[in-house]
Amino acid sequence: MGDETEMDAYDRKVLRNFMDGERLKSIPSQWKKREVILRYLAEQFEWDRRYTEKEVNEILSRTHEDYAALRRYLVDSRRLAREREIYWRIEPE
């Protein structure tokens, strides 16, 4: 359980450093920090709902102008799945 509290503190620190309110200041280049941001972004999507690529872009563009990179990172990290420009939230493996 100590790890969970430590991770929560780490997540909060990363979010504090990279977020300015609802906006992402920059996409972290370090993988561990980027994972924190991707977990946060995945929570913007509802479970059991399908999104068009346009809807995904609109949601992500509220956070950062490079929504295409964020969309790709969410798919690559298996937080969103994609099939024929339709996206849905999944649990990372």
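Start by selecting β4 and β5: these two strands run antiparallel, and 4 bridges join them. Keep in mind throughout that this is a predicted model. Within that pairing, pick out Leu-80 and look across to β5, where Arg-89 stands opposite.

You have an open sheet of 3 strands in the order β3-β5-β4, paired antiparallel. β3 and β4 each have a single partner strand and stand at the edges, so one side of each has no neighbour in the sheet.

Check the backbone torsion: phi of Glu-85 is near 65°, a positive value, and the residue is not a glycine. Most residues other than glycine have a negative phi. Is Glu-85 buried or exposed? Glu-85 is exposed, at a relative accessible area of 53%.

Next, go to the loop between α4 and β4 and select Arg-78. Here is another positive phi in a residue that is not a glycine, about 60° for Arg-78. Arg-78 counts as partly exposed, with 45% relative accessibility.

**Helix α3 and its buried side**

Switch to helix α3, residues 53-61, and colour its buried residues: Val-56, Asn-57, Ile-59 and Leu-60. Why do they end up on the same side of α3? They cover an arc of only 165° around the axis, and that places them together on one side.

What do these buried residues pack against? Show α2 (31-42), β3 (51-52), α4 (67-76), β4 (80-83) and β5 (86-89), and you have the elements that the buried residues of α3 pack against.

Zoom in on Asn-57, which lies in helix α3. Its relative accessible area is 15%, and Asn-57 counts as buried because the cut-off is under 20%. Leaving aside residues up to four places away in sequence, Asn-57 touches Tyr-67 and Arg-71.

**Rings and charges**

Time for the aromatics. The structure holds 1 aromatic pair. Select Phe-45 and Tyr-51: their ring centres are 5.1 Å apart and their planes are at 90°, so the pair is edge-to-face. Phe-45 and Tyr-51 are both buried.

Then look for arginines sitting over rings. Select Arg-50 together with Trp-88: Arg-50 lies over the face of Trp-88, 4.3 Å from the ring centre. For another such arrangement, select Arg-72 and Tyr-73, where the charged end of Arg-72 sits over the tyrosine ring at 5.8 Å from its centre.

**Last stop: helix α1**

Finish by moving to helix α1, residues 2-18, and select Arg-16. Is Arg-16 buried or exposed? Arg-16 is exposed, with a relative accessible area of 56%. To wrap up, draw a distance line from the C-alpha atom of Arg-16 to that of Trp-31: the two residues are 15 apart along the chain, and these atoms are separated by 17 Å.

Terms used:
Residues are numbered from 1 along each chain as its sequence is written. This is a predicted model: local features need pLDDT of at least 70, side-chain atom pairs count only at pLDDT 80 or more; totals for chains, interfaces and linings use all residues. Side-chain values use heavy atoms; hydrogens and water are left out. Buried means under 20% relative accessible area, exposed over 50%, partly exposed in between (1.4 Å probe, protein chains only). The arc is that of the directions from the helix axis to the C-beta atoms. Contact means heavy atoms within 4.5 Å. Two strands pair if DSSP finds at least two bridges between them. Rings of Phe, Tyr and Trp (its six-membered ring) pair if their centres lie within 6.5 Å; planes under 30 degrees apart count as stacked, over 60 as edge-to-face and the rest as tilted. A charge sits over a ring if NZ of Lys or CZ of Arg is within 6 Å of the ring centre and within 35 degrees of the ring normal.
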